[in-house]
Amino acid sequence: MAHYEYDAVVVGSGPNGLAAGIALQQAGLSVLLIEGQKTIGGGLRTSELTLPGFKHDVCSAIHPMAAGSPFFQSLPLTKHGLEYIQPPVAAAHPFDDGTAAILTSSIDKTAELLGKDRLPYLQLIEPLLNDWPKMAADVLGPLQFPTYPIKMAEFGLKALPSASRLSNHFSTEKAKGLWAGMAAHSIQPLSHMTTSAIGLVLMTAGHLYGWPLPKGGSQSIANALASYFVSLGGKIETDQWIHSLKQLPSSRAILFDLTPRQLLKIAGDQFSPLYRWQLNNYKYGMGVFKVDWALDGPVPFKAAECRQAGTLHLGNTFHEIALSEKEIWSGKHPKAPYVLLAQQSIFDPSRAPEGKHTLWGYCHVPHGSTVDMTNVIENQVERFAPGFKDRILARHTMNTIQMESYNPNYIGGDINGGVIDLTQLYTRPALRLSPYKTSAKGIYICSSSTPPGGGVHGMCGYYAAKSALKDIFKTPIMPLKPFLN
């Protein structure tokens, strides 16, 4: 019998790589996790990007999917230092008239503030709240026969249509605007089918788990996952970029928390011609232009609700947001883009010196864009918060190429690991019975380029590990049950 240095090797320490490593280690295997950067985390990193004492989340910032992840919920992460902070308002959507629509943990309060759209909102979201605990693992997983097929079918009827079509469920600009901000997280035109899915999941998660921020920064999630992984006996090596399979120690299984483009470069010669063709034809989507600010005070939003929100969606009406996303998809740079903001330091004083604040934000841009969108983004913030520019002490920007240079999984600035449209919702990165298996025995892909796609939830890693455990090790994976911290 061949001797292996490890049972499994995981390449990449983003949330999915860490999740895969944990799931394999829980099964009693010996697992090595390798990271190219000097610190672990992938999209979960925090750094002083602007001035000393200002801690900025380099990539992801607010984490409704981490709090609501069936796998992460099964782990004792609070015992490993993870603490979530819940802003009073999960997300706010300001309008030009100085008002705002908001998402709070209370579905009744959120609906009540939508006026005439109170009942339509409840009719749309309330069934999802009731059914989510039963559906979560299936919604956030590969295409398979669901545990609750009727519930999943009901969800599909709402999730498959475009966000534009579902917006007709509402009659007021306030509700339509709130909906647009949620659905635009899909990073594609709102006229595309399945753009409703992400909006519905984010709203449901907000009511069930909030939109929390991790105390100390997003790095805290990665640190907690790594701490738990190591406590199980896992090993982590950093500052090692992998360019060839020859660099890896011997193992029975290799799981890559990488996108198809990187996987082809490392292991393409091991794959069948059909699988290589499928990976070569994988579609990447729009990118992001990101700005981090050090501020002399909080953002002076006109709407009071916005000053209590962890997340802000700037874009005014549904029509305006839909138009900007359509323009970006066609290669244009809008003058008034949809902007996502996070103001963590208002709720987490550890993020900035006393009396000062951080602000995190980005807008969508065409794939691979190098256009500087700083002024455009700051004008959009100033639009809803007059006096904002006067509070800027320093800023740090990243275009799509710089994003990809920092995190190679962000191809062309695409933070979702590839377009999550109808053709790649469940068939990412290729049409196979198991999307996590490559055509080469023992080689798996566990990144956001597999179902369910982008977001800090670890479910791609969990399901990839489940596949490897079944195929290679003939070992069942631990069932997903919430951990009582």
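Helices H5 and H6 lie oblique to each other, a word kept for angles that are not under 35 degrees (roughly parallel), over 145 (roughly antiparallel) or 65 to 115 (roughly perpendicular). In this predicted model, H5 covers residues 118–139 and H6 residues 149–159, and the two pack at about 120° with their axes 9 Å apart. Axes here are lines fitted to C-alpha atoms over the stretch in contact, with angles running from 0 to 180 degrees between N-to-C directions. Their crossing is left-handed, that is, the near helix is turned anticlockwise from the far one by less than a right angle.

From H5, the contact (heavy atoms within 4.5 Å) draws on Gln-123, Leu-124, Pro-127, Leu-128, Asp-131, Met-135, Asp-138 and Val-139. H6 brings Lys-151, Met-152, Glu-154, Phe-155 and Lys-158. Seven of these residues are nonpolar, one is polar and five are charged.

## The chain as a whole

Now to the wider setting. The protein chain holds 16 helices and 16 strands, taken as DSSP runs (H or I, at least four residues; E, at least two) numbered from the N terminus. The C-alpha atoms fill a box of roughly 70 × 50 × 45 Å along the principal axes.

Buried residues (under 20% relative accessible area, 1.4 Å probe, protein chains only) make up 62% of the chain. Of the contacts between residues at least 6 apart in sequence, 75% join residues at least 24 apart.

## Reading the numbers

Residues are numbered from 1 along each chain as its sequence is written, and side-chain values use heavy atoms, leaving out hydrogens and water. Local features need pLDDT of at least 70 and side-chain atom pairs 80 or more, while totals for chains, interfaces and linings use all residues.

Key
Ala, Val, Leu, Ile, Met, Phe, Trp, Tyr, Cys and Pro count as nonpolar, Asp, Glu, Lys and Arg as charged, and the others, Gly among them, as polar. Buried means under 20% relative accessible area, exposed over 50%, partly exposed in between (1.4 Å probe, protein chains only).
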